[in-house]
Amino acid sequence: MNIAILGATGKFGRPFTAKMLAKPDYHLTLLSKSAGNSYEDGYRITARNIDATNIKDLKKALEDQDVVFCAVSGTDQPVIARNLVEINPKRVIYMTVVGIYNELSEDNGAEYNVANEPEQIPNRNAVALIENSDLDYTILRCGYLIFGKEDDYVITRKGETPKGYVSTSKSVEKIAFEIIENPELYSRESISITRDMS
């Protein structure tokens, strides 16, 4: 299976890449502005320095990919999301954060809702582009990433109130891996993966 990881050198991208490399039947295309400096090409790795806002370069890098996992952050997210919509990969898993729908409750993380946190605006706008497209996507809404157990999480769907605003990296990795293994899982859904802090 061919899997592209956008943001492969980021806080989440590095450990997720390591987890994916433990699966011998995956070929990884690792993409970021510095991926080619951090990883060496091999029989299971293709590493490229690319700017994902450049649709020509991104389209070339995503050729023949079965799954695209996007773990990028920052103000360029809407541009990257628009590029993904235009390229239309087979399957997209888009990692973002809780609060983009103002779904966090007043007593459990409301300060991170987009209405209260302007830095959430690019996250919200990027997700809106993906949700309004024909992409076969899953939106993974995570909280602040911490070390912890992979089973320390609760999943909620769009329209439901997340149980918290903190997530263990291993729990997000686990759910992402399950989706990669079973592409129909959470297809065209937005789910939150957080610790139960209620």
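## Largest pocket

By class, 17 nonpolar, 14 polar and 6 charged residues make up the lining of the largest pocket (Ala, Val, Leu, Ile, Met, Phe, Trp, Tyr, Cys and Pro count as nonpolar, Asp, Glu, Lys and Arg as charged, and the others, Gly among them, as polar). The model is predicted: local features need pLDDT of at least 70 and side-chain atom pairs count only at pLDDT 80 or more, while totals for chains, interfaces and linings use all residues. Residues are numbered from 1 along each chain as its sequence is written, and side-chain values use heavy atoms, with hydrogens and water left out.

The lining comprises 37 residues, and Ala-71, Val-72, Ser-73, Gly-74 and Gln-77 lie nearest the centre of the pocket. The space in this pocket is about 1,000 Å³. A pocket is an open set of points on a 1 Å grid over the protein atoms alone, where a 1.4 Å probe fits, with protein on both sides within 12 Å along at least five of seven lines; lining residues have an atom within 4 Å of a point. Grid points are joined across faces, edges and corners, and the volume is the space filled by probe spheres set on the points.

At least two lining residues come from each of strand 2 (27-32), helix 4 (77-87), strand 5 (92-97), helix 5 (121-131) and strand 7 (144-146). Strand 5 gives the most, with 3 residues. Helices (H or I, at least four residues) and strands (E, at least two) are DSSP runs, numbered from the N terminus.

Pro-122, Asn-123, Ala-126, Val-127, Ile-130 and Glu-131 are the buried residues of helix 5 (buried means under 20% relative accessible area, exposed over 50%, partly exposed in between, with a 1.4 Å probe and protein chains only). They lie on the same side of helix 5 because they cover an arc of only 165° around the axis, the arc being that of the directions from the helix axis to the C-beta atoms. Their cover includes helix 4, strand 5, strand 6 (137-142) and strand 10 (189-194).

Thr-96 belongs to strand 5 and is buried, at a relative accessible area of 5%. Not counting residues up to four places away in sequence, Thr-96 touches Asn-123, Val-127, Ile-139, Leu-140, Arg-141 and Cys-142; contact means heavy atoms within 4.5 Å.

## Nonpolar cores

The largest nonpolar core has 30 residues, and Met-20, Leu-30, Phe-69 and Leu-140 have the most contacts inside it. Helix 6 (residues 169-181) supplies the largest share of this core, 6 residues. Apart from this core lies another, of 24 residues, among them Ala-4, Ala-52, Leu-62 and Ile-87. Such a core is a set of buried Ala, Val, Leu, Ile, Met, Phe, Trp, Tyr and Cys residues joined through side-chain atoms within 4.5 Å.

Beyond its neighbours within four places in sequence, Leu-30 has contacts that include Ile-5, Ala-8, Tyr-39 and Ile-45.

## Loop residues

Most residues other than glycine have a negative phi. Asp-64, although not a glycine, has a positive phi of about 65°. Asp-64 is in the loop between helix 3 (55-61) and strand 4 (67-70) and is exposed, with a relative accessible area of 64%. Arg-188, also a residue other than glycine, has a positive phi near 55°. Arg-188 is placed in the loop between helix 6 and strand 10 and counts as partly exposed, at 40% relative accessibility.

Asp-136 lies in the loop between helix 5 and strand 6 and is partly exposed, at 26% relative accessibility. Leaving aside neighbours within four places in sequence, Asp-136 is in contact with Lys-90, Arg-91, Val-92, Ser-187 and Arg-188.
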